[in-house]
Amino acid sequence: MKRAADFASPPQDYNIVVPDGWFRLRLDPDDRDRGIVALAERTFRGVDNAPRLRDQFMRDLQRKAKEAHKVGGIELYLSTLTIGPVPLASSLLISLPAPGEWPECEDADELAEHLADGDVREDAELGVVELATAGRAVRHRHREAADPATQMGNTLPTTNLSYYVRIPTTKSWLLLNFSTPVDPLADRMVELFDTVSGTLHWA
């Protein structure tokens with residue numbers, strides 16, 4: 001497996017390993033509707049008399065998928081894992097912002113400084129880390145207040161973890177944006193997100 005420093009030209013693709021039970025939704029308009037239907041069928045399998053909830057679920061997911069694609073979203077992973085009856089809700093959005101949407105920072109340290117200037121939240125964690133094969137990256141953790149209107153009634157704060165990874169031999173950055181509203185298990189979920197990020201590698 002090639003490390004970031006081994007590339008003399010831009011990689012053709014990336015790969016990442018996610019847990020079993022995470023559903024992959026491609027955000028390309030030609031693919032996403034089929035994926036949304038498949039996820040809705042899985043989510044509401046065995047649930048009687050829930051067509052309204054199912055339709056709302058699909059509308060919300062389609063809206064989020066369209067918004068994510070507009071800002072460079074490539075694929076969205078959604079957890080279908082549970083502990084007993086409790087869903088371990090979490091997501092991973094992988095995106096590639098268009099040229100000009102990010103400052104032309106030369107390395108992770110410079111990007112971290114830029115991001116630190118715009119984040120004044122006391123609970124935020126921001127720093128530079130080394131991913132095993134993908135190279136140096138900016139790691140940014142913070143919490144956001146709940147928005148029940150757009151989170152299907154969720155009233156708990158959302159924990160977000162973002163990794164900004166420079167694509168070898170380019171000035172572009174790949175973004176991994178994780179989030180979970182499961183506040184009591186936020187630290188454990190972040191440990192999982194860190195593990196997933198560590199599997200990122202270029203191809």
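Visitor: Which residues do ring pairs link into a cluster with Trp 22?

Guide: Ring pairs join Trp 22 to Phe 178 and Phe 193 in one cluster. Rings of Phe, Tyr and Trp (its six-membered ring) pair if their centres lie within 6.5 Å; planes under 30 degrees apart count as stacked, over 60 as edge-to-face and the rest as tilted. The model is predicted: local features need pLDDT of at least 70, side-chain atom pairs count only at pLDDT 80 or more, and totals for chains, interfaces and linings use all residues. Residues are numbered from 1 along each chain as its sequence is written, and side-chain values use heavy atoms, with hydrogens and water left out.

Visitor: How many aromatic pairs does this rule give?

Guide: The count is four. A pair of aromatic rings is described by the distance of the centres and the angle of the planes. Phe 44 and Phe 57 are edge-to-face, at 5.6 Å centre to centre with 75° between the planes. Phe 44 lies in the loop between α1 (29-43) and α2, while Phe 57 lies in helix α2, 13 residues apart. Helices are DSSP runs of H or I, at least four residues, and strands runs of E, at least two, numbered from the N terminus.

Visitor: Is Phe 44 buried or exposed?

Guide: Buried means under 20% relative accessible area, exposed over 50%, partly exposed in between (1.4 Å probe, protein chains only). Phe 44 is buried at 17%, and Phe 57 is buried at 15%. The rings of Trp 102 and Tyr 164 are edge-to-face, because their centres are 5.2 Å apart and their planes stand at 75°. Trp 102 is in the loop between β6 and α3 (108-118) and Tyr 164 in strand β9, so the pair ties together parts 62 residues apart in sequence. Trp 102 is partly exposed at 25%, whereas Tyr 164 is buried at 8%.
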